[in-house]
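Subject: Structure handover

Hello,

Please find the structure below, with its sequence. My notes on it follow.

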Amino acid sequence: MIYLNNTNTDPALNHAIEEYFLMQTQDEVFMLWQNVPTALLGKHQDAYAELDLDYTKEKGIQVVRRLSGGGTVFCDLQNMQYSFITDAVEEDGENAFSRFAAPVVDALKNLGLAAEFTGRNDIVIDGKKVSGNAQYRYRNRILHHGTLLFDVNREMLAGALRSRPIKFEKKAVKSVSSRIGTIKDWLPEMTVTQFMTYLKEHIVKWYDISEVLEPDADLMDRVKPYLGRFQDPNWNMGIQSREMTGYSVKYPFGLVDYKLRLKDNRIEELIIGGDFFSEGEPAELARQLVGCELKADSLRPLLTQVGVGELIKGMQPEDLLEDLICMGRG
């Protein structure tokens, strides 16, 4: 494994670097990095629902959409992100999260903190969430990245991220939001720079990393073709949907947001988003449903054939069918 010594703080460039190493190399890479104040959206999220965009513009907070699913996180120079880019291994099965979280949890435990990996993608200390993780797969490769909330500008975090009212919660989902903590709460004498140095050294030792790569002009030239996506407002903001029925459902695997327009009880337009994880494009599923009559007998055959559980990790076809029918009833 290579340690990439990335001191850049431009979120678009940082994500371009990830994508380059994921798609154009077979290198195994560990990278620890920071962003200027940024709201990082999950791939399938609605920027207009998740963020107060007037506030982000006023405060100069950048908005960037990740390749991976999951929820929105707020980054600044008081916290940090980490990335692992490797080949997938058979032992991972469908969930490689715990494998990549292990050295981070171990680093926190070595500082005397009661850290553990829990839920679908969180690292907590004494029950308080200090890290969220997400993944994106490309062919036989995995990009795993996470945020470590060492400290944060709480005013900006609260101002940028909207509180989402959820219409419906399913399958014993707790309605109380996860408690958020910062690592500095437990380590008040440590600075973010000291913590980053400690974490880097711990993970380098964990993986026995001997090669350090310093980004140079040649590498940046190779990364440049991947930069455009993360600078493109069409990618980062998406399209603001209007005149469509909205419906949000909270599942154990994440929030699913639907927007639907019907004509003569047939699906004229459908958008499926949320903070779920995916190994595919939910938009393709939505396109296949356009033109279908909003009736169980019409939708069920298609939903059982298209791999719903891969496009929305954890979802069953009958769950999606029920949501669509409920939404059609208004």
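Which residues touch the most other members of the largest nonpolar core? They are M80, I183 and F195, in a core of 31 residues. Please keep in mind that this is a predicted model. The elements that give two or more residues to this core are β2, β6, α4, β8, β10 and α6. Leaving aside neighbours within four places in sequence, F195 is in contact with M80, L108, L111, L148, F150, I183, L187 and M190. Another core lies apart from this one; it has 29 residues, including Y247, Y258, L289 and L294.

The eight-stranded sheet

Eight strands make up an open sheet, ordered β7-β8-β9-β10-β6-β2-β1-β12, and the pairing is mixed. At its edges are β7 (115–118) and β12 (211–213), each of which pairs on one side only. From one strand to the next, the twist averages 20 degrees.

Within this sheet, β6 (residues 80–87) and β10 (residues 141–148) run antiparallel and are joined by eight bridges. F84 has H144 of β10 as its bridge partner.

Two helices pack on the sheet. Helix α4 (residues 97–110) touches β6, β7, β8 (122–125), β9 (128–138) and β10. The direction of α4 makes about 165 degrees with that of β7. Helix α6 (residues 192–206) touches β1 (2–4), β2 (29–33), β6 and β10, and its direction makes about 175 degrees with that of β2.

V130

V130 belongs to strand β9. Is V130 buried or exposed? The relative accessible area of V130 is 2%, and the cut-off for buried is under 20%, so V130 counts as buried. Not counting residues up to four places away in sequence, V130 touches I123, V124, I125, T147, L148, L149, G181, T182, I183 and W186. For a sense of distance, V130 and I267 are 41 Å apart in space, C-alpha to C-alpha, and 137 residues apart in sequence.

The three-stranded sheet

A further open sheet has three strands in the order β4-β3-β5, again with mixed pairing. Its edge strands are β4 (62–65) and β5 (73–75), and each pairs on one side only. The twist here averages 25 degrees from one strand to the next. Four bridges link β3 (residues 38–41) to β4 in the parallel sense. Helix α1 (residues 11–24) lies across β3 and β4 and runs at about 20 degrees to β4.

Helix α10

Which residues of helix α10 (residues 282–289) are buried? They are P282, L285, A286 and L289. These four are on the same side of α10, because they cover an arc of only 100 degrees around the axis. The buried residues of α10 pack against β15 (266–274), α11 (296–303), α12 (308–311) and α13 (317–328). One of them, L289, is also a member of the 29-residue core. After α10 comes G291, which has a positive phi, near 95 degrees.

Regards

Conventions. Residues numbered from 1 in each chain as written. Predicted model: local features only at pLDDT ≥ 70, side-chain atom pairs only at ≥ 80, totals over all residues. Heavy atoms only, no water. Buried < 20%, exposed > 50% of the residue type's maximum accessible area, 1.4 Å probe, protein only. Arc of directions from axis to C-beta. Contact = heavy atoms within 4.5 Å. Pairing = 2+ DSSP bridges. Axes fitted to C-alpha atoms, helices over the stretch in contact; angles between N-to-C directions. Core = buried A, V, L, I, M, F, W, Y, C linked by side-chain atoms within 4.5 Å.
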